[in-house]
Amino acid sequence: MKRKLLGSWEIKKTNTSSGLKKVVISVTSIILGLIFAGLFVLLTGKNPLELYTEIVQSSVGSIYGLSETIVEMIPLALCSLGVSLAFRMQLWNIGAEGQFYMGAFGATYFALFFSGLPKLVLLPLMLLAGLICGGLWALIPALPKAFWNVNETISSLLLNYVAYLWIAYLVYGPWKDPKGNNFPLTKQFSDNGTIPAFGNTRISYALFLMAIIAVILFFILKYSKWGYEIRVSGSSRKAADYAGMSYIKNVIMVMFLSGAISGIAGMAEVSGVLHRLQQTISPGYGYTAILIALLARLNPISILLVSFLMGGLLVGGYSLQTSGFPSSMVSMFQGSILFFVLAGEIFNNYRLVRKKA
């Protein structure tokens, strides 16, 4: 594909792009995004360098800040891993936020009504419940997509609000803690329903679960037969059908697993960090996960690194609020970075060449 530009130059589409080139473009896009956001900070009369210094110091400049960054990293990475799996098949699952909430709902049910079970029994049940609830929530947009080719983007997005309002109903109604001073939250989980943490930090053992899922997904997508089917089915449904691959089955399996991983993130949050269900258990983990997946180019291992960086940005954002900056400042940083990352894709997919005489 060629497009005429100016004079003797033209834009030509490239079929391949080296790994080094992709890394350089990604890093450059992030830097340009931060510079762009810094211009708006400058307009407010603040020094953007001081602001970025504050973010770094509050997120990784102390043991407490580093531990809180890892706490934020865990749900971000899990939701992003789920999203990236669906994106590999070009299924635009924008519903990780709702799947996160439904996973938290499933885990909370067992934590509240089966609190007398031993920890080694209750925690796996909560994990299984979170996994199933998140996966089933993702199947709602997956089934119309698989059988009738209904676009999954809008349906998965709208289900986020349904899940959020369902949790709001529970914490304001039947599951509300009678001793919670009228706050919308459930009673605290028993010790058997909480994931242990490292020392005096809030980092739960869900960190190991996050790493295991990332490694498993990496090998599945890169080396397994099913990973190959996912890529082929995403590229062309006709090619998949011609090769004997079941497109419908792969859509259902990929979307269920995508939602299940986000559901695990919800379980890990309520069991490992909050120890109860409340209306605002997520500052937008499911939405930020989309940005992380794109920045990491859907690579499960790279997702861990980018999630750590975004976790630091969230922790730094909390610190900025004490300095007079609004909490929406972090969203502006994320939006700026996403804008430049998407723009950077032009340089990955196209190159400027001189016309031949």
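Threonine 194 makes a side-chain contact with backbone: one of its polar side-chain atoms sits 2.9 Å from the backbone oxygen of aspartate 191. A polar contact here is a pair of N or O atoms within 3.5 Å; within protein, one must be able to donate a hydrogen and the other to accept it, and residues adjacent in sequence count only if both atoms are side-chain atoms. Threonine 194 belongs to the loop between helix 6 and helix 7, and at 10% relative accessibility it counts as buried. Buried stands for under 20% relative accessible area, exposed for over 50%, and partly exposed for anything in between (1.4 Å probe, protein chains only). Helices are DSSP runs of H or I with at least four residues, strands are runs of E with at least two, and numbering starts at the N terminus.

All of this comes from a predicted model, in which local features need pLDDT of at least 70 and side-chain atom pairs count only at pLDDT 80 or more, while totals for chains, interfaces and linings use all residues. Residues are numbered from 1 along each chain as its sequence is written, and side-chain values use heavy atoms, with hydrogens and water left out.

Helix 12 itself covers residues 300–321, 22 residues in total, and spans 32 Å from first C-alpha to last, close to the 32 Å expected at 1.5 Å a residue. That expected span is 1.5 Å times one less than the number of residues.

On to charges. Side chains of opposite charge can pair when their charged atoms come close. With a salt bridge taken as a side-chain nitrogen of Lys or Arg within 4 Å of a carboxyl oxygen of Asp or Glu, the count is four. One of them joins arginine 276 to aspartate 177, with 3.8 Å between the closest N and O atoms. Arginine 276 lies in the loop between helix 10 (247–274) and helix 11 (285–295), and aspartate 177 in the loop between helix 6 (152–172) and helix 7 (206–223), so this pair ties together parts that are 99 residues apart in sequence. Both arginine 276 and aspartate 177 are buried.

Lysine 145 and glutamate 152 form another salt bridge, at 3.6 Å between the closest N and O atoms. Lysine 145 is buried at 13% relative accessibility, and glutamate 152 is buried at 2%. Arginine 237 and aspartate 241 also pair up, at 4.0 Å from N to O. These two sit four residues apart in helix 9 (residues 237–242), about one turn of the helix. Arginine 237 is partly exposed at 33%, and so is aspartate 241 at 43%.

As for disulfides (cysteine sulfur atoms within 2.5 Å of each other), the structure has zero. For cysteine 79, the nearest cysteine sulfur is that of cysteine 133, 15 Å away. That gap is too far for a bond. Cysteine 79 is buried, with a relative accessible area of 0%.

Finally, the surface carries a nonpolar patch with about 950 Å² of accessible area together, and its members include Val23, Ile31, Phe36 and Phe40. Patches are built from residues with over 30% relative accessible area and no salt bridge, joining like charges within 9 Å and nonpolar side chains (Val, Leu, Ile, Met, Phe, Trp, Tyr) within 5 Å. The areas come from the Shrake-Rupley method with a 1.4 Å probe, and for residues only the protein chains shown count as cover. Phenylalanine 40, in helix 1 (residues 19–43), is partly exposed at 40%.
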